[in-house]
Amino acid sequence: LWEASLTTAFSSNLALTSQSQRVPTSSKRYTIVPTSSKGYTISFRSESRIPLDMPVDDAVNVQLQPKLRDSNDEFDGIGLENQRRTILVKAIAAMQVSLFSGLSEPKLAFASTDEPMECKNGAIMAESAVPGAYQQICMSLPTRSITLKSTGDVISVYQGITDDGNGNGANQGGSIAGRTGVAVWNSGILITRLLDLYAMEEEGFFTDKTVLELGCGTALASVAASKLGASRTIATDGNDEVIRLVKRNLEFNDVRGGEAALLKWGALDAIDYYGEADIVMGSDLTYNSGNWGVLSETLSTVLKPNGVAIYLTLGHSGFAVEGELGGFLTTVQSQGSLVWMKEDSAYLEKLLSKSFSKQDKDVIIGTGGFKVAVFRKKKRLR
(Lines give C-alpha, C1' and ligand atoms only; values in the text may rest on other atoms or scores of the structure.)
Protein backbone atom coordinates (compact mmCIF):
# COMPACT_ATOMS: atom_id res chain seq x y z
CA LEU A 1 0.00 0.00 0.00
CA TRP A 2 1.38 3.35 -1.05
CA GLU A 3 -0.06 6.66 0.03
CA ALA A 4 0.98 10.23 -0.66
CA SER A 5 -0.57 13.45 0.52
CA LEU A 6 0.48 16.94 -0.51
CA THR A 7 -0.55 20.51 0.16
CA THR A 8 -0.18 23.33 -2.33
CA ALA A 9 2.09 26.20 -1.44
CA PHE A 10 -0.21 28.85 -2.83
CA SER A 11 -3.33 30.49 -1.49
CA SER A 12 -6.44 30.67 -3.61
CA ASN A 13 -10.15 31.00 -3.08
CA LEU A 14 -10.79 29.82 -6.64
CA ALA A 15 -11.99 26.35 -7.46
CA LEU A 16 -9.12 23.95 -8.10
CA THR A 17 -9.34 22.20 -11.46
CA SER A 18 -7.27 19.43 -12.96
CA GLN A 19 -6.39 20.15 -16.58
CA SER A 20 -4.60 16.88 -17.21
CA GLN A 21 -3.93 13.75 -15.20
CA ARG A 22 -1.21 11.41 -16.41
CA VAL A 23 -1.75 8.99 -13.54
CA PRO A 24 -0.47 5.41 -13.97
CA THR A 25 -3.10 2.77 -14.64
CA SER A 26 -2.21 1.12 -11.33
CA SER A 27 -3.58 4.13 -9.44
CA LYS A 28 -6.76 3.49 -7.54
CA ARG A 29 -7.66 6.87 -6.14
CA TYR A 30 -6.71 10.49 -6.80
CA THR A 31 -8.57 13.27 -5.02
CA ILE A 32 -8.26 17.04 -4.60
CA VAL A 33 -9.72 18.58 -1.48
CA PRO A 34 -9.60 22.25 -0.35
CA THR A 35 -8.04 22.41 3.12
CA SER A 36 -8.32 26.11 3.94
CA SER A 37 -7.57 29.48 2.43
CA LYS A 38 -3.93 28.36 2.47
CA GLY A 39 -4.42 25.84 -0.30
CA TYR A 40 -5.48 22.31 -1.13
CA THR A 41 -4.55 18.76 -0.30
CA ILE A 42 -3.98 16.18 -3.02
CA SER A 43 -4.18 12.53 -1.99
CA PHE A 44 -2.93 9.65 -4.12
CA ARG A 45 -3.31 5.95 -3.32
CA SER A 46 -2.19 2.77 -5.05
CA GLU A 47 -2.03 -0.87 -4.05
CA SER A 48 0.67 -1.86 -6.53
CA ARG A 49 4.39 -1.20 -6.73
CA ILE A 50 5.24 2.20 -8.15
CA PRO A 51 8.67 2.61 -9.75
CA LEU A 52 10.84 5.46 -8.49
CA ASP A 53 12.17 6.32 -11.94
CA MET A 54 8.95 7.71 -13.43
CA PRO A 55 9.14 10.88 -15.53
CA VAL A 56 9.66 14.00 -13.47
CA ASP A 57 7.23 16.90 -13.59
CA ASP A 58 9.22 19.95 -12.54
CA ALA A 59 6.06 21.58 -11.22
CA VAL A 60 5.39 19.08 -8.46
CA ASN A 61 7.22 17.58 -5.47
CA VAL A 62 5.70 14.50 -3.89
CA GLN A 63 6.55 12.73 -0.67
CA LEU A 64 5.79 9.01 -0.74
CA GLN A 65 5.38 6.95 2.42
CA PRO A 66 5.80 3.18 2.03
CA LYS A 67 3.62 1.12 4.37
CA LEU A 68 4.62 -2.56 4.36
CA ARG A 69 1.90 -5.18 4.62
CA ASP A 70 4.08 -7.81 6.26
CA SER A 71 7.68 -8.56 7.14
CA ASN A 72 8.39 -10.14 3.75
CA ASP A 73 7.36 -7.16 1.63
CA GLU A 74 9.86 -5.06 -0.25
CA PHE A 75 9.07 -2.26 -2.67
CA ASP A 76 11.56 -1.79 -5.49
CA GLY A 77 14.55 -2.40 -3.29
CA ILE A 78 13.27 -0.43 -0.30
CA GLY A 79 13.77 -2.85 2.57
CA LEU A 80 12.31 -3.11 6.03
CA GLU A 81 15.12 -1.07 7.55
CA ASN A 82 13.81 1.95 5.66
CA GLN A 83 10.09 1.41 6.13
CA ARG A 84 9.77 4.45 8.41
CA ARG A 85 11.58 6.73 5.98
CA THR A 86 9.71 9.01 3.66
CA ILE A 87 11.24 8.87 0.22
CA LEU A 88 11.31 12.15 -1.61
CA VAL A 89 10.55 11.68 -5.27
CA LYS A 90 9.44 14.18 -7.85
CA ALA A 91 6.08 13.77 -9.51
CA ILE A 92 5.65 10.10 -8.74
CA ALA A 93 2.44 10.11 -10.73
CA ALA A 94 3.69 12.76 -13.18
CA MET A 95 0.57 14.74 -12.40
CA GLN A 96 -0.04 18.18 -13.82
CA VAL A 97 -2.47 20.16 -11.74
CA SER A 98 -3.65 23.72 -12.31
CA LEU A 99 -4.84 25.88 -9.43
CA PHE A 100 -6.48 28.37 -11.73
CA SER A 101 -8.50 27.83 -14.87
CA GLY A 102 -6.57 29.20 -17.80
CA LEU A 103 -3.14 28.62 -16.26
CA SER A 104 -1.59 26.49 -18.98
CA GLU A 105 1.86 25.83 -17.51
CA PRO A 106 1.52 25.77 -13.74
CA LYS A 107 4.66 26.31 -11.69
CA LEU A 108 3.60 24.90 -8.37
CA ALA A 109 5.50 23.71 -5.33
CA PHE A 110 3.92 21.25 -2.95
CA ALA A 111 4.86 20.87 0.70
CA SER A 112 4.44 17.49 2.31
CA THR A 113 1.85 17.16 5.01
CA ASP A 114 4.05 14.62 6.78
CA GLU A 115 7.72 14.26 7.71
CA PRO A 116 9.82 11.15 8.16
CA MET A 117 9.95 10.02 11.77
CA GLU A 118 13.63 10.95 11.93
CA CYS A 119 12.88 14.58 11.03
CA LYS A 120 9.85 15.12 13.28
CA ASN A 121 9.56 18.33 15.27
CA GLY A 122 12.93 19.82 14.48
CA ALA A 123 15.11 16.78 15.05
CA ILE A 124 18.78 17.21 14.24
CA MET A 125 20.46 14.63 12.01
CA ALA A 126 23.96 13.43 11.24
CA GLU A 127 25.44 15.05 8.14
CA SER A 128 27.56 13.74 5.32
CA ALA A 129 29.91 15.78 3.15
CA VAL A 130 28.81 16.59 -0.41
CA PRO A 131 30.60 18.81 -2.94
CA GLY A 132 30.59 22.35 -1.61
CA ALA A 133 28.52 21.67 1.50
CA TYR A 134 27.10 19.09 3.88
CA GLN A 135 23.87 17.15 3.45
CA GLN A 136 21.44 15.19 5.58
CA ILE A 137 18.12 13.50 4.91
CA CYS A 138 15.90 16.24 6.34
CA MET A 139 17.38 18.84 3.98
CA SER A 140 15.70 17.07 1.06
CA LEU A 141 12.22 17.72 2.40
CA PRO A 142 10.14 20.58 1.01
CA THR A 143 9.42 21.80 4.56
CA ARG A 144 10.69 21.51 8.12
CA SER A 145 8.49 22.05 11.14
CA ILE A 146 9.07 22.69 14.84
CA THR A 147 6.68 23.29 17.73
CA LEU A 148 7.57 25.99 20.24
CA LYS A 149 7.17 24.61 23.75
CA SER A 150 6.63 28.03 25.31
CA THR A 151 3.72 29.05 23.09
CA GLY A 152 2.52 25.90 21.34
CA ASP A 153 2.98 27.56 17.94
CA VAL A 154 3.87 25.23 15.08
CA ILE A 155 6.37 26.79 12.68
CA SER A 156 6.82 25.39 9.19
CA VAL A 157 9.33 26.74 6.72
CA TYR A 158 9.98 25.90 3.10
CA GLN A 159 13.48 24.81 2.21
CA GLY A 160 15.16 24.24 -1.13
CA ILE A 161 12.19 25.94 -2.81
CA THR A 162 12.34 29.50 -4.03
CA ASP A 163 10.87 31.40 -6.94
CA ASP A 164 12.52 33.28 -9.75
CA GLY A 165 11.43 36.68 -8.51
CA ASN A 166 8.37 36.73 -10.77
CA GLY A 167 6.21 34.43 -8.69
CA ASN A 168 7.25 31.32 -10.57
CA GLY A 169 8.56 28.31 -8.70
CA ALA A 170 12.19 27.46 -9.29
CA ASN A 171 15.01 25.49 -7.67
CA GLN A 172 12.56 23.12 -6.04
CA GLY A 173 14.34 20.71 -3.74
CA GLY A 174 17.40 18.93 -5.03
CA SER A 175 21.01 19.48 -4.05
CA ILE A 176 21.91 22.33 -1.74
CA ALA A 177 25.53 22.43 -2.91
CA GLY A 178 26.30 26.09 -3.41
CA ARG A 179 22.82 26.96 -2.06
CA THR A 180 23.38 26.38 1.65
CA GLY A 181 21.04 29.17 2.73
CA VAL A 182 17.92 27.45 1.43
CA ALA A 183 18.07 24.51 3.87
CA VAL A 184 17.42 24.21 7.60
CA TRP A 185 20.70 23.33 9.26
CA ASN A 186 21.14 21.63 12.62
CA SER A 187 22.51 24.84 14.09
CA GLY A 188 19.39 26.72 12.96
CA ILE A 189 17.22 24.21 14.78
CA LEU A 190 19.36 24.43 17.90
CA ILE A 191 19.27 28.22 18.11
CA THR A 192 15.50 28.12 17.60
CA ARG A 193 15.22 25.66 20.48
CA LEU A 194 17.46 27.88 22.59
CA LEU A 195 15.30 30.96 21.97
CA ASP A 196 12.23 28.96 22.95
CA LEU A 197 13.84 27.63 26.12
CA TYR A 198 15.13 31.05 27.16
CA ALA A 199 11.70 32.59 26.58
CA MET A 200 10.38 30.17 29.22
CA GLU A 201 13.21 31.03 31.59
CA GLU A 202 13.12 34.80 31.06
CA GLU A 203 9.49 35.82 30.60
CA GLY A 204 9.05 38.83 28.36
CA PHE A 205 12.58 38.66 26.94
CA PHE A 206 11.30 39.05 23.37
CA THR A 207 8.20 41.11 24.11
CA ASP A 208 8.04 44.28 21.98
CA LYS A 209 11.67 43.84 20.94
CA THR A 210 13.30 44.36 17.56
CA VAL A 211 15.16 41.18 16.61
CA LEU A 212 17.61 41.02 13.71
CA GLU A 213 18.94 37.73 12.39
CA LEU A 214 22.21 37.55 10.44
CA GLY A 215 22.66 34.86 7.80
CA CYS A 216 19.05 33.84 8.37
CA GLY A 217 18.70 31.13 5.71
CA THR A 218 15.12 29.87 5.87
CA ALA A 219 14.37 32.36 8.70
CA LEU A 220 13.26 29.62 11.09
CA ALA A 221 14.71 31.48 14.08
CA SER A 222 13.23 34.81 12.95
CA VAL A 223 9.77 33.28 12.72
CA ALA A 224 10.27 31.84 16.21
CA ALA A 225 11.31 35.23 17.61
CA SER A 226 8.10 36.74 16.24
CA LYS A 227 5.96 34.02 17.80
CA LEU A 228 7.83 34.54 21.10
CA GLY A 229 6.75 38.17 21.23
CA ALA A 230 9.08 40.30 19.11
CA SER A 231 7.25 43.27 17.61
CA ARG A 232 9.68 43.53 14.70
CA THR A 233 11.84 40.83 13.16
CA ILE A 234 14.41 41.58 10.47
CA ALA A 235 15.62 38.43 8.72
CA THR A 236 18.78 39.27 6.78
CA ASP A 237 21.02 37.38 4.41
CA GLY A 238 23.52 38.25 1.69
CA ASN A 239 21.95 36.04 -0.98
CA ASP A 240 19.07 37.10 -3.25
CA GLU A 241 17.71 33.57 -3.62
CA VAL A 242 17.61 33.18 0.16
CA ILE A 243 15.76 36.47 0.61
CA ARG A 244 13.04 35.34 -1.80
CA LEU A 245 12.64 32.18 0.27
CA VAL A 246 12.57 34.21 3.48
CA LYS A 247 9.75 36.41 2.21
CA ARG A 248 7.76 33.31 1.44
CA ASN A 249 8.37 31.79 4.87
CA LEU A 250 7.48 34.99 6.73
CA GLU A 251 4.22 35.23 4.80
CA PHE A 252 3.43 31.54 5.20
CA ASN A 253 3.80 31.81 8.99
CA ASP A 254 1.84 35.08 9.16
CA VAL A 255 4.74 36.96 10.76
CA ARG A 256 3.58 40.45 11.62
CA GLY A 257 6.26 43.10 11.66
CA GLY A 258 8.53 40.74 9.72
CA GLU A 259 11.03 41.99 7.14
CA ALA A 260 13.33 40.18 4.74
CA ALA A 261 16.39 42.27 3.93
CA LEU A 262 19.47 41.76 1.79
CA LEU A 263 22.43 42.65 4.02
CA LYS A 264 26.11 42.28 3.31
CA TRP A 265 28.36 42.33 6.37
CA GLY A 266 30.54 45.25 7.38
CA ALA A 267 30.08 48.58 9.17
CA LEU A 268 29.25 50.51 5.98
CA ASP A 269 26.70 47.98 4.71
CA ALA A 270 25.03 47.64 8.11
CA ILE A 271 24.71 51.39 8.70
CA ASP A 272 21.08 51.30 7.50
CA TYR A 273 20.26 49.35 10.66
CA TYR A 274 22.52 51.30 13.00
CA GLY A 275 21.47 50.83 16.62
CA GLU A 276 18.08 49.30 15.74
CA ALA A 277 18.27 45.80 17.21
CA ASP A 278 17.50 44.88 20.81
CA ILE A 279 18.50 41.31 20.01
CA VAL A 280 20.79 40.06 17.25
CA MET A 281 21.04 36.34 16.58
CA GLY A 282 22.78 34.01 14.19
CA SER A 283 24.10 30.49 13.76
CA ASP A 284 26.94 28.88 11.83
CA LEU A 285 28.38 32.22 10.71
CA THR A 286 32.05 31.86 11.71
CA TYR A 287 33.23 28.91 9.60
CA ASN A 288 35.02 31.30 7.21
CA SER A 289 37.78 33.18 9.04
CA GLY A 290 37.80 35.81 6.30
CA ASN A 291 34.40 37.01 7.52
CA TRP A 292 35.24 37.35 11.21
CA GLY A 293 36.12 41.05 11.00
CA VAL A 294 33.06 42.18 9.04
CA LEU A 295 30.76 39.99 11.15
CA SER A 296 32.04 41.64 14.33
CA GLU A 297 31.60 45.08 12.75
CA THR A 298 28.03 44.22 11.74
CA LEU A 299 27.09 43.02 15.22
CA SER A 300 28.38 46.16 16.89
CA THR A 301 26.76 48.40 14.27
CA VAL A 302 23.19 47.06 14.43
CA LEU A 303 23.00 46.49 18.20
CA LYS A 304 21.34 49.05 20.44
CA PRO A 305 23.56 50.33 23.29
CA ASN A 306 21.88 47.91 25.72
CA GLY A 307 21.26 45.19 23.14
CA VAL A 308 22.42 41.58 23.24
CA ALA A 309 23.71 39.24 20.53
CA ILE A 310 23.20 35.48 20.79
CA TYR A 311 25.32 33.30 18.52
CA LEU A 312 25.44 29.51 18.19
CA THR A 313 27.91 27.47 16.22
CA LEU A 314 27.89 23.71 15.67
CA GLY A 315 30.84 21.74 14.41
CA HIS A 316 31.10 19.98 11.06
CA SER A 317 33.52 17.42 9.74
CA GLY A 318 36.74 19.30 9.08
CA PHE A 319 35.78 22.28 11.26
CA ALA A 320 36.91 22.45 14.89
CA VAL A 321 34.20 24.39 16.70
CA GLU A 322 36.46 25.44 19.60
CA GLY A 323 39.12 26.86 17.31
CA GLU A 324 36.56 28.48 15.03
CA LEU A 325 34.82 30.35 17.84
CA GLY A 326 38.11 31.08 19.58
CA GLY A 327 39.42 32.81 16.46
CA PHE A 328 36.26 34.91 16.18
CA LEU A 329 36.47 35.91 19.85
CA THR A 330 40.05 37.07 19.30
CA THR A 331 38.83 39.24 16.40
CA VAL A 332 36.02 40.68 18.55
CA GLN A 333 38.48 41.52 21.29
CA SER A 334 40.90 43.19 18.90
CA GLN A 335 38.16 45.42 17.44
CA GLY A 336 37.05 46.44 20.91
CA SER A 337 33.40 47.24 20.17
CA LEU A 338 31.81 44.14 21.74
CA VAL A 339 32.17 42.35 25.06
CA TRP A 340 31.94 38.56 25.24
CA MET A 341 29.67 37.62 28.16
CA LYS A 342 31.38 34.44 29.29
CA GLU A 343 29.03 33.50 32.12
CA ASP A 344 25.90 34.19 30.08
CA SER A 345 27.32 32.08 27.25
CA ALA A 346 27.97 29.14 29.58
CA TYR A 347 24.47 29.46 31.07
CA LEU A 348 22.78 29.25 27.66
CA GLU A 349 24.94 26.27 26.66
CA LYS A 350 23.85 24.46 29.81
CA LEU A 351 20.20 25.40 29.26
CA LEU A 352 20.22 24.03 25.73
CA SER A 353 22.14 20.89 26.70
CA LYS A 354 19.37 19.89 29.14
CA SER A 355 16.97 19.55 26.20
CA PHE A 356 19.11 17.08 24.22
CA SER A 357 17.76 13.64 23.41
CA LYS A 358 20.09 10.69 22.96
CA GLN A 359 19.92 11.23 19.18
CA ASP A 360 20.82 14.90 19.66
CA LYS A 361 23.80 13.99 21.80
CA ASP A 362 25.05 11.42 19.31
CA VAL A 363 24.80 13.91 16.43
CA ILE A 364 26.48 16.71 18.37
CA ILE A 365 29.32 14.48 19.56
CA GLY A 366 29.83 13.40 15.95
CA THR A 367 30.15 17.00 14.80
CA GLY A 368 32.69 17.95 17.46
CA GLY A 369 30.30 19.81 19.76
CA PHE A 370 28.56 23.18 19.87
CA LYS A 371 29.21 26.56 21.46
CA VAL A 372 27.04 29.54 22.38
CA ALA A 373 28.46 33.05 22.59
CA VAL A 374 26.65 36.08 24.03
CA PHE A 375 27.86 39.57 23.25
CA ARG A 376 26.96 43.05 24.42
CA LYS A 377 28.04 46.39 23.12
CA LYS A 378 31.00 47.87 24.98
CA LYS A 379 30.05 50.98 26.89
CA ARG A 380 32.08 54.03 25.94
CA LEU A 381 33.55 56.47 28.45
CA ARG A 382 32.31 59.99 27.86
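Start by selecting Thr180, Gly181, Gly215, Asp284 and Tyr287, which lie nearest the centre of the largest pocket among its 39 lining residues; a pocket here is an open set of points on a 1 Å grid over the protein atoms alone, where a 1.4 Å probe fits, with protein on both sides within 12 Å along at least five of seven lines, and lining residues have an atom within 4 Å of a point. The model is predicted, so that local features need pLDDT of at least 70 and side-chain atom pairs 80 or more, whereas totals for chains, interfaces and linings use all residues. Residues are numbered from 1 along each chain as its sequence is written, and side-chain values use heavy atoms, without hydrogens and water.

H1 supplies the largest share, five residues.

Then keep H1 and H2 in view: they pack at an angle of about 10 degrees with axes 9 Å apart, the axes being lines fitted to C-alpha atoms over the stretch in contact and angles running from 0 to 180 degrees between N-to-C directions. That makes H1 roughly parallel to H2, a term for angles under 35 degrees. To see the contact (heavy atoms within 4.5 Å), select Gly188, Ile189, Ile191, Thr192 and Leu195 in H1 with Leu220, Ala221 and Ala224 in H2.

Finally, stay on H2, where seven of the eight residues are buried, so it is largely enclosed by the rest of the structure; buried means under 20% relative accessible area (1.4 Å probe, protein chains only).

Conventions. Helix = DSSP H or I, 4+ residues; strand = E, 2+ residues; numbered from the N terminus. Parallel < 35°, antiparallel > 145°, perpendicular 65-115°, else oblique. Buried < 20%, exposed > 50% of the residue type's maximum accessible area, 1.4 Å probe, protein only.
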